[in-house]
Amino acid sequence: MAMWVFGYGSLVWNPGFAHDARLVGFVRDYRRVFYQGSTDHRGTPEFPGRTVTLEHQPGATCWGVAYKISKEQDKQTALEYLEVREKQYDENIYLDLYTDSSPKTPAVQNVMVYLATTNKESNQNYLGPAPLDEMAKYHVYLT
């Protein structure tokens, strides 16, 4: 059985793992937000940079790319890679993926998605909302 992984940030253009297919689509009831802190590739422990996560919001949609991984060895390798790359995200959820050609019926069911929760016990790097100008100013400072 194939495994599908949904990317909504840098996974869109840089998945970093072998895959058999790539499908552009969207998930329902989630929106992309810059609420997650990163202490390794977008900042430091003292000054975490912001990365995207998904926030549940009924009626919202988030576009991205789903990757199909069929071979057992490729699945294992992808999961090991993603556990390191996405280590600052504290939850995996499974959502349905829709496409332009299939907006009412899922094109793929149970696509794995990494996201950051607001739970400070399991996700110490959650930053939460901030004014846009503050986020932009901070990002420019880090780069």
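A salt bridge joins the side chains of Glu 86 and Arg 85, with an N to O distance of 3.4 Å; the term requires a side-chain nitrogen of Lys or Arg within 4 Å of a carboxyl oxygen of Asp or Glu. Glu 86 is buried at a relative accessible area of 11%, and Arg 85 is likewise buried at 17% (buried: under 20% relative accessible area; exposed: over 50%; partly exposed: in between; 1.4 Å probe, protein chains only). The structure is a predicted model, in which local features need pLDDT of at least 70 and side-chain atom pairs count only at pLDDT 80 or more, while totals for chains, interfaces and linings use all residues. Residues are numbered from 1 along each chain as its sequence is written, and side-chain values use heavy atoms, with hydrogens and water left out.

The count of salt bridges comes to 4. One of them pairs Glu 55 with Arg 31, the closest N and O atoms lying 2.7 Å apart. This pair links distant parts of the chain, since Glu 55 belongs to strand S3 and Arg 31 to strand S2, 24 residues apart; helices (H or I, at least four residues) and strands (E, at least two) are DSSP runs numbered from the N terminus. Glu 55 is partly exposed at 27% relative accessibility, and Arg 31 is partly exposed at 28%. Asp 40 forms a salt bridge with Lys 87, with 3.2 Å between the closest N and O atoms. Asp 40 lies in the loop between S2 and S3 and Lys 87 in the loop between helix H1 (72-85) and S4, so the contact ties together parts 47 residues apart in sequence.

The whole structure contains 6 aromatic pairs, defined by centres of Phe, Tyr or Trp rings (for Trp, the six-membered ring) within 6.5 Å; planes under 30 degrees apart count as stacked, over 60 as edge-to-face and the rest as tilted. Phe 26 and Tyr 98 form a stacked pair, at 5.7 Å centre to centre and 25° between the planes. The two residues are 72 apart: Phe 26 is in strand S2 (residues 21-38), and Tyr 98 is in the loop between strand S4 (91-97) and strand S5 (108-115). Phe 26 is buried at 6%, as is Tyr 98 at 11%. The charged end of Arg 28 sits over the Tyr 98 ring, 4.2 Å from its centre (criterion: NZ of Lys or CZ of Arg within 6 Å of the ring centre and within 35 degrees of the ring normal). Phe 17, Tyr 67 and Tyr 81 make up one aromatic cluster.

The largest pocket has a volume of about 490 Å³. A pocket is an open set of points on a 1 Å grid over the protein atoms alone, where a 1.4 Å probe fits, with protein on both sides within 12 Å along at least five of seven lines; lining residues have an atom within 4 Å of a point. Grid points are joined across faces, edges and corners, and the volume is the space filled by probe spheres set on the points. Of the 23 lining residues, Gly 9, Ser 10, Arg 42, Thr 51 and Val 52 are the closest to the pocket centre. H2 gives the largest share of the lining, 5 residues. The lining divides into 12 nonpolar, 6 polar and 5 charged residues (nonpolar: Ala, Val, Leu, Ile, Met, Phe, Trp, Tyr, Cys and Pro; charged: Asp, Glu, Lys and Arg; polar: the others, Gly among them).

Helix H2 (residues 132-142) includes Leu 132, which is exposed at 66% relative accessibility.
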